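Dear colleague,

Please find below the structure I promised to hand over, together with its sequence.

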2 protein chains.
Amino acid sequence: MDSETNLSVTELREAWPLLDAGERVDGYRLLESEDAEGFFEELSTQDQLELLRALPEAQRRMRLRLLAPDDITDLLQQAVPEDRAKLVDLLEPPMRREVVALLAYAEDDAGGLMSPRFARVRPEMTVDEAILYLRRQAYERLETIYYAYVLDREQRLLGVASFRDLFQARGASLVRDIMRTDVVTALGDMDQEALAKLFAAHDLVALPIVDEAGRMKGIVTVDDIVDVVQEEATEDFQKIGGTVALEAPYLEVGFFSMFKKRAGWMIILFLGEMLTIRVMAGYETRLEQMVMLAVFLPLIISSGGNSGGQASTLVIRAMALGEVRLRDWTRVLVRELAAGLSLGCLLGVIGLTAIYLRGGDADEPLIRIAATVGASVLGVVLWGTLVGSMLPLLLRRAGFDPASASAPLVATLVDVTGLMVYFTVASVVLLR
Amino acid sequence: MDSETNLSVTELREAWPLLDAGERVDGYRLLESEDAEGFFEELSTQDQLELLRALPEAQRRMRLRLLAPDDITDLLQQAVPEDRAKLVDLLEPPMRREVVALLAYAEDDAGGLMSPRFARVRPEMTVDEAILYLRRQAYERLETIYYAYVLDREQRLLGVASFRDLFQARGASLVRDIMRTDVVTALGDMDQEALAKLFAAHDLVALPIVDEAGRMKGIVTVDDIVDVVQEEATEDFQKIGGTVALEAPYLEVGFFSMFKKRAGWMIILFLGEMLTIRVMAGYETRLEQMVMLAVFLPLIISSGGNSGGQASTLVIRAMALGEVRLRDWTRVLVRELAAGLSLGCLLGVIGLTAIYLRGGDADEPLIRIAATVGASVLGVVLWGTLVGSMLPLLLRRAGFDPASASAPLVATLVDVTGLMVYFTVASVVLLR
């Protein structure tokens, strides 16, 4: 083959996002075969699927063989049903059995992240035997050989010994006597977000997954947890911005799918915001008496929205990190009351002063107008802060995702009530 | 000691968030000494500092001895200067040297995350010698003994051999011949966010940190990267919500510090939003001609804020994940133009229809009012989407953090222009 026609991995990696599906396959085929292996492994699951679909069967089989069982499972879970069956057929029988067992777990569960390939030893082995035995297992494609899991004949997990434990022990001691038995484990159906918290709380590098009977099914390693943490944060981000989770890189989501994920909340928010028309219409005669009231409307309602969005993002993130739990709600309430009051006073005073100093030619005494705006800003900011901080907790209490208390949702709720606050204050101070 | 007065770790862990500093120390002292060690290690750095400050010197020295050099460095970086000096004095001389070297790196850099305790072997050792040598190193408190780093006499990194590599090789081969030389490394001053991307791109478990001359300084392990990823996501969350990064758990930030971190952006946004007063005042005569225009104001401006916030969160997160880079700006622009137009049309039509069907007793023909609102919603949503998606890219271009393009900042920018769009459309359609 003419080496001139070969492409370097770096060139392809650079060009990748700009290529369409056909060009990607063509480019991929121009890689040296060794480069092609490495490049395939670094692609996202979606890109791997796309490539696999386009490659001839022999190549497809070869590429699949590069992947670990948990990665193949991910791939299959994202494939369309007809592709899935074809891909499963390409697997060697032992791998097929492992993958089919893993497919039983949901993608977002601990079981969906685990690899069934872990190093196992018996409790009655000596340390020297265990090290020798692990040395033999090093040839198999295990997830890690750093931890040796001690299982009984029924595959029940009795304990764990790290390499370091084995190396530090006398060679003639029994594994049973040197293993650690206070092992943190999880069930296969544990949610991946809860699993990530378990890793963080115990500073784990690997965690065994067991079934109800204590039989070990696989291990999850911390490198997979990094992806989980990114993924969960991304979902929360998108929800807070008022989008349904995209579940794919921004530039790779098709137009129609992107539209659907964004339109849903926008419609709900728009319909919610239409309530403001009704409220405003109710005050139309007030407005006719004093058109100048309308001048301060955008300022007032945006203050409520901003402070509400600030409070809700803080509380949602704190809940996602486990820093705030449901039972902490009174502590959150007290903090946010204080924050809302002080921020409200601060902004209220700024508003009052600015309007007073700016002057104007209204019929009403300027100080009354300034006081109306100042007091309304205080009320709206306080109210926004309370709604923003309590809504995520209420949603969790009702069994929903707190991240649905997005900044725009809070703003919409606060807008409607904010108008009422403003016109009520105006009625008291200005229009008798 | 009366065992009745002992506290279990679980009890203390539960009560911890509700206790003040004094109660925490008292509670901590009631733990069995073995429990106390474990409990201390699982505390946050802030809590560890607080406890250390309250414990007598002998205990303080004991607790410090439990920690790895990178953790002690973290602790010192968060301590007030006078405590820092006292704590450094408590360290044993070898540990003190290590920690002082680590303190030279900024907390958010790769150097601030690394541990100087890694397993090292020489290139001219045989595999059997290397394994034996590692077995001896297992007694030292190394970060991991899974990877053996091959250094020359000048401490320059030549390659790496995992345990698995060593176990698979013949015992008589030389480390030099079996080591991998394509090692991914980083400099100590690499930003931790970039480091996390490096881990993700190469699926790394550990990464050696070197200086400009290629001398190995330490390793960073993937479990620290989990914390980095959480931390960076939290910062972005808080910025998007319009807060300066809290840098501590929500419930542990003091009132005044919380106020300062929230008030800054709120004041800027409020002052920005005061521009709407000027714009509104400019249209006051228009409003007097037709008070009904004010009725739709909240709906119009919130539509712009919502769509802008949605676009900016999507783009900010995609940029943080490296999915969107500066040079992708045209692709983002095209996508967001399409999204803004279609969302704008959808909401515009909903608005137009709802107002038309609802009816009213205005002097103007209803269809004109409905058309004004519909067209304004389209314009404002399109504009909001464009501002929201382009602002993060512009900020990055200018050297700022894209996450500063918070939803409330975008909303504020869009509010001012949104009013102009609305009144311009109204002038054309309604008021000739």
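The term pLDDT, used below, is the predictor's confidence in each residue, on a scale from 0 to 100. It applies here because this is a predicted model. Among the elements of chain A, the lowest mean pLDDT, 78, belongs to helix 3 (residues 33-42) of chain A, and the highest, 94, to helix 12 (residues 175-178) of chain A. Chain A as a whole averages a pLDDT of 86, and 96% of the residues score at least 70. For the model, the ipTM is 0.78 and the pTM is 0.79.

Regarding the fold, chain A contains 22 helices and six strands. Its C-alpha trace spans about 95 × 60 × 35 Å along the principal axes. The radius of gyration of chain A is 30 Å, whereas a compact globule of 432 residues would have one near 22 Å. Of the 432 residues in chain A, 46% are buried. When contacts in chain A between residues at least 6 apart in sequence are considered, 68% of them join residues at least 24 apart.

I then turned to how the two chains are arranged.

As to the contact itself, 88 residues of chain B are in contact with 89 residues of chain A. The most is given to the side of chain B that touches chain A by helix 19 (residues 297-320) of chain B, with 15 residues. That side of chain B comprises 56 nonpolar, 18 polar and 14 charged residues.

Finally, the interior. In soluble globular proteins, nonpolar side chains tend to be buried together. The largest nonpolar core here has 214 residues, and those that touch the most other members are A:Ala148, A:Tyr149, A:Ala294, B:Ala148, B:Tyr149 and B:Ala294. Which residues does A:Tyr149 touch, not counting residues up to four places away in sequence? They are A:Phe118, A:Ala119, A:Arg120, A:Leu157, A:Val160, A:Pro208 and A:Met216.

With kind regards

Key:
Residues numbered from 1 in each chain as written. Chains lettered and ligands numbered in written order. Predicted model: local features only at pLDDT ≥ 70, side-chain atom pairs only at ≥ 80, totals over all residues. Helix = DSSP H or I, 4+ residues; strand = E, 2+ residues; numbered from the N terminus. Rg over C-alpha atoms; globule rule 2.2 N^0.38 Å. Buried ≥ 20, exposed ≤ 12 C-beta atoms within 10 Å, placed from the backbone. Contact = placed C-beta atoms within 7 Å. Nonpolar A, V, L, I, M, F, W, Y, C, P; charged D, E, K, R; others polar. Core = buried A, V, L, I, M, F, W, Y, C linked by C-beta atoms within 7 Å.
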